[in-house]
Amino acid sequence: MELISLKNVPTDAKVALLKELGYGADSVYVLDNHGQPLKDKYIDVPVRLENMLILPGSAIVLDDNPLSIANYLEEFGELP
Amino acid sequence: MTPTPDEEAIAGVTKGALEFSSERIKGWAARLANRDIAFIEDRSSFDVVADQKRNPEWSFYKEYVKTKELRVLIRIGLALRKLESGHADLQSLRKNILHKHGKKGLHVAQLVQDGDLGAFIGTLISKQMSKADLGATIEDLLLNVDKYVVFIKSDIDTRRVIDSTAARINANLPPALLICGSKGAKGAAETVAKGVMKKIDGYELSTYQDKVKVVYLIMKDDSPDED
């Protein structure tokens with residue numbers, strides 16, 4: 001599996017990717033399909049564009065922090 | 001108005017970049033669906049958790065601990081151990097654990113981070129327990145971490161802690177209880193462990209210690225009575 005660092009991806013490309021995946025974005029936050037700030041499913045914090053993870057499994061968008069990563073790996077299995 | 005050659009050139013470059021991006025982004029989305037790609041921020045902070053899959057200690061816990069929440073907290077404890085003290089992520093990680101899993105969750109992660117759980121398991125293994133019993137004892141301890149693990153601070157009232165800990169053991173008869181103390185609290189931990197042992201029956205005491213910490217393991221004595 002290829003891991004791409006979003007640090008090297010310009011904001012407009014991040015936003016375009018999110019839109020392709022069915023999400024949205026304002027200037028700070030990732031938005032859900034109702035236009036509301038998307039909350040990390042594991043720690044309930046709004047996911048910021050500058051600190052997000054997009055992981056396989058119905059394109060899960062999470063806040064980038066160890067607890068969310070550990071929960072994701074427990075739920076969806078290890079990344080190859 | 002007719003665009004100047006420069007404007008045409010810029011428009012051409014922009015359009016080319018957009019087309020490239022759009023094509024590439026569609027490709028990324030397709031690869032995500034195939035579990036062939038993932039997007040992260042910082043490789044090192046991702047790896048501190050993901051790389052635990054290669055840690056033999058994690059492989060052991062994964063085999064014996066079945067409760068998902070505990071497995072997450074164990075993995076986080078191992079990650080906490082890897083993060084250098086003073087690392088910016090450390091404080092926010094503790095805050096997130098507290099928010100999501102409460103003090104109990106923080107204590108489970110701390111037990112793993114400090115190596116106290118490893119010391120406890122080492123003692124269990126030396127007792128040649130069955131795999132099922134080993135797993136059940138570990139889970140029981142972690143699920144009841146607030147009842148069966150006592151973290152000693154240097155300024156505690158040792159007599160009060162001895163009484164409350166002994167009362168807890170006598171009321172619940174847990175298979176094991178840990179008393180952990182580090183740095184300046186090592187002496188207080190010893191006082192508590194020895195004081196508790198005087199007030200309970202059917203348990204044995206063993207000790208694990210290194211330069212920084214001491215762990216007293218109070219475990220049910222399952223050896224047959226001597227005639």
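Visitor: What stands opposite B:Leu205 in β5(B)?

Guide: That's B:Ile218 in β5(B). Keep in mind that this is a predicted model.

Visitor: What makes β4(B) and β5(B) a pair?

Guide: Pairing takes at least two bridges, and these two strands have seven, in the antiparallel sense. So they count as paired. They also form a hairpin, with three residues between them.

Visitor: Which other strand of chain B is joined to β5(B), and by how many bridges?

Guide: Strand β3 (residues 176-182) of chain B, by seven bridges, again running antiparallel. Within that pairing, B:Gly181 sits opposite B:Val214. As for cover, six of the eight residues of β5 (residues 213-220) are buried.

Visitor: Over in chain A, why is A:Val61 called buried?

Guide: The cut-off is 20 or more other C-beta atoms within 10 Å. A:Val61 has 20 C-beta neighbours inside that distance, so it counts as buried. The residue lies in strand β5 (residues 60-63) of chain A, and its contacts beyond four places in sequence include A:Tyr23, A:Leu38 and A:Met52.

Visitor: How many residues does each chain bring to the contact?

Guide: Chain B brings 35 and chain A brings 30. On chain B's side, the elements supplying at least two residues each include α1 (5-33) and β1 (37-40).

Conventions:
Residues numbered from 1 in each chain as written. Chains lettered and ligands numbered in written order. Predicted model: local features only at pLDDT ≥ 70, side-chain atom pairs only at ≥ 80, totals over all residues. Helix = DSSP H or I, 4+ residues; strand = E, 2+ residues; numbered from the N terminus. Buried ≥ 20, exposed ≤ 12 C-beta atoms within 10 Å, placed from the backbone. Contact = placed C-beta atoms within 7 Å.
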